[in-house]
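I opened this entry to keep track of what I looked up. The notes follow the order in which I went through the topics.

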Amino acid sequence: MGAVRRLVDADTGETIPYAPYAFSGKHTQVDKARVEAITESKAFTPSQKFLVLWWIGVSPEGMEPLRATGADIARRVGMSTDAVGKINRKLARHRILIVRGRIGNYNFYRISPYISFHGTGAEQREAVKTCNPPDIPGFDAKTPARWEAQ
């Protein structure tokens, strides 16, 4: 077992609590500029914006889809199945959600890796190569792509 790290406030001499990792459970990398553009866009309703944030939180690691039906999602978020289906389809048209599987006529989705990704930076760079960037009305296209696949 490693040594416990103790930090001390230089002014008061009091011990400062130290947490080597302050998150509870899994976490994800999020493109703040794109999320800000979505949440400020007049092209999306509050319910659509809410589901974007929900998808950020529930999309599995890597590029796996969330294996849940519209009815499952509707129960979880307190919306009707029809509303969830319409919202998911609109978000997919904007490439905010991407289709990563299908059973019958139902698509399985996940959030675009351009918006949010759970995995290493190298894995995210590979993931963005598999899909086109989201079409977010109002997103400043002049923002440098930096790490995005060329």
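What does the accessible surface of the protein chain come to, and what percentage of it belongs to carbon and sulfur atoms? I found about 9,700 Å², with 52% belonging to carbon and sulfur atoms. Accessible areas come from the Shrake-Rupley method with a 1.4 Å probe, and for residues only the protein chains shown count as cover.

I note that this is a predicted model, in which local features need pLDDT of at least 70 and side-chain atom pairs count only at pLDDT 80 or more, while totals for chains, interfaces and linings use all residues. Residues are numbered from 1 along each chain as its sequence is written, and side-chain values use heavy atoms, with hydrogens and water left out.

**Overall layout**

I looked up the secondary structure and found five helices and six strands in the protein chain. Helices (H or I, at least four residues) and strands (E, at least two) are DSSP runs, numbered from the N terminus. Along the sequence the pattern reads β-β-β-α-α-α-α-β-β-β-α. Of the 150 residues, 35% count as buried; buried means under 20% relative accessible area, exposed over 50%, and partly exposed in between (1.4 Å probe, protein chains only).

**Cores**

Next I looked up the nonpolar cores, each a set of buried Ala, Val, Leu, Ile, Met, Phe, Trp, Tyr and Cys residues joined through side-chain atoms within 4.5 Å. The largest has 25 residues, and L51, W54, W55, L91, I96 and I111 have the most contacts inside it. At least two residues of this core come from each of α1 (32-40), α2 (46-58), α3 (70-77), α4 and β5. Helix α2 gives the most, with six residues. Apart from this core lies another, of seven residues, including M63, I98, Y114 and F117.

I then checked what L51 touches (contact means heavy atoms within 4.5 Å). Leaving out residues up to four places away in sequence, L51 touches V77, M79, V84, I87, N88 and L91.

**Helix α5**

Which residues of α5 (residues 121-128) are buried? I found Q124, A127 and V128. They cover an arc of only 90 degrees around the axis, so they are on the same side of α5; the arc is that of the directions from the helix axis to the C-beta atoms. The buried residues of α5 pack against β3 (29-30) and β6 (116-117).

R95 lies in the loop between α4 (81-93) and β4 (97-103). Its phi is positive, about 60 degrees, although R95 is not a glycine. Most residues other than glycine have a negative phi. R95 is partly exposed, at 32% relative accessibility.

I followed the chain on into β4, which pairs with β5 (residues 106-111) in the antiparallel sense over six bridges. Two strands pair if DSSP finds at least two bridges between them. V99 stands opposite Y109 in β5. The two strands form a hairpin with two residues between them, and G104 in the turn has a positive phi of about 60 degrees.

**Salt bridges**

How many salt bridges does a search of the whole structure find? I noted four, where a salt bridge is a side-chain nitrogen of Lys or Arg within 4 Å of a carboxyl oxygen of Asp or Glu. One of them joins D72 and R75 at 2.7 Å, N to O. Both residues lie in α3, three residues apart, about one turn of the helix. D72 is partly exposed at 27%, whereas R75 is exposed at 62%.
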